[in-house]
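Hello,

Here is the structure we talked about handing over. Please open it first, then read the notes below it.

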Amino acid sequence: MLTAAPRYEGGEMIVDGRSYSSFYHDNRARVTRVAGEFYWRVKVGEEVRSRDYVRPGFMLSLEEDDREQSWTLSELLSAREIRRAFDVPPPPRWMPGMTPLAHQPSHYARRIREWLPIGAIAFMALLVLLMLFGRTMQPQTFGFPVTPDGAQVSQSFGPIIVPVGRQAMTVETLTSNVEQGWVDIEIAFVNRKTQESYEAYALNEHYSGYDSDGSWAEGSRSQILKVASLPAGTYDLVVDAQAHHWGSSADSSSWNPVSGRYETASQPPVDVSLTVSRGARFLSNFWLAVLLVLVPPLLMLVLHILFENARLAQKDGPDPDASDWISGTCSALAMSAKRR
């Protein structure tokens with residue numbers, strides 16, 4: 001019970017520098033049954049008007065009748081304190097669909113705060129791992145030409161030595177002079193000893209032109225291929241490439257008066273360059289790991305929002321039955337400490 005009335009400021013009640021927001025308005029509490037000892041006279045039918053103000057973990061209650069006003073500050077007890085004091089089972093933990101107490105704090109908010117430093121440390125550790133193990137080294141470069149609309153070209157390069165097992169490899173394919181066409185590039189790391197093959201595919205293409213909006217270009221002349229895990233050993237890089245020119249026969253053919261027929265104009269060869277490096281940076285794995293780190297606090301945030309929505313749904317307009325029960329409970333707490 002407070003010995004001095006709270007201070008009203010900015011729509012809230014202030015007690016010892018802490019603010020309490022209005023929760024229940026103009027309820028009535030009536031004594032329907034009396035049991036136990038009281039240090040003031042209590043009788044059935046006695047009625048007071050009540051208002052309740054809430055700060056998570058605390059409830060500030062006003063009770064008044066025609067003779068006096070009484071202010072009481074109640075503190076929510078933990079389940080452990082209730083079990084230790086009364087030797088009874090603790091109340092059930094809140095779950096979606098349940099109605100929390102008006103002044104019950106969300107334990108999910110505390111869990112989110114506890115998880116923040118853990119999440120920050122985990123994120124920094126992932127960044128360090130990405131920098132240390134995601135870099136490429138010891139590049140080897142190979143190249144050969146391929147004729148557009150010609151036969152598929154197969155080339156083998158090596159040796160490529162993988163000194164440790166489970167080694168990621170990066171292959172950058174570059175066709176710097178491909179224009180109005182595309183190049184299909186199939187690569188395979190073939191183990192010289194076991195003949196096991198680890199394959200990947202790239203499509204390098206580039207197109208450009210002019211239209212009513214001006215010049216345009218699309219496609220990419222380079223691709224990055226990654227092979228996740230190669231066993232230790234000596235490998236050959238086997239490359240199959242085939243170039244294609246985009247366009248109609250009229251675009252690529254011309255009339256030869258000597259032969260008396262259309263002949264296809266030859267296209268300049270496309271230079272295919274491949275750079276093979278040990279190591280690879282898998283950003284998708286990094287972001288997947290970050291997402292897994294964020295799952296617990298995001299889940300706690302959703303549960304916290306559901307908890308707060310369920311708690312605040314009672315504010316200023318509970319249904320009559322709930323109003324009677326809650327107001328009666330608050331009044332019983334307040335009246336137990338009322339000064340007469």
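**What turned up**

Arg28 stands opposite Arg49, a residue of S4. Please keep in mind that this is a predicted model.

The strands behind that pair come next. Strand S3 covers residues 18-30, and strand S4 covers residues 47-55. The two pair in the antiparallel sense, over 7 bridges. An open sheet of 6 strands runs in the order S1-S2-S3-S4-S5-S6, with antiparallel pairing. At its edges are strand S1 (7-9) and strand S6 (69-75), and each of them pairs on one side only. On average, neighbouring strands of this sheet are turned by 35° against each other, direction ignored.

Now to Thr275. This residue lies in strand S17, which spans residues 270-278. Which residues does Thr275 touch, leaving aside its neighbours within four places in sequence? Thr275 is in contact with Pro139, Gln140, Thr141, Thr170, Val171 and Glu172. Take Pro139: it sits 136 residues from Thr275 along the chain, yet their C-alpha atoms are separated by 6.3 Å.

Last, the surface. Phe123, Met124, Leu283 and Trp287 form a nonpolar patch there. Together they have about 420 Å² of accessible area. Two elements give two or more residues each to the patch: helix H2 (107-133) and helix H4 (283-312). Met124 is found in helix H2.

Best wishes

Terms used
Residues numbered from 1 in each chain as written. Predicted model: local features only at pLDDT ≥ 70, side-chain atom pairs only at ≥ 80, totals over all residues. Heavy atoms only, no water. Helix = DSSP H or I, 4+ residues; strand = E, 2+ residues; numbered from the N terminus. Contact = heavy atoms within 4.5 Å. Pairing = 2+ DSSP bridges. Axes fitted to C-alpha atoms, helices over the stretch in contact; angles between N-to-C directions. Patch = residues over 30% accessible without salt bridge, like charges linked within 9 Å, V, L, I, M, F, W, Y side chains within 5 Å. Areas by Shrake-Rupley, 256 points an atom, 1.4 Å probe, with all protein chains shown as cover. Salt bridge = Lys/Arg side-chain N within 4 Å of Asp/Glu carboxyl O.
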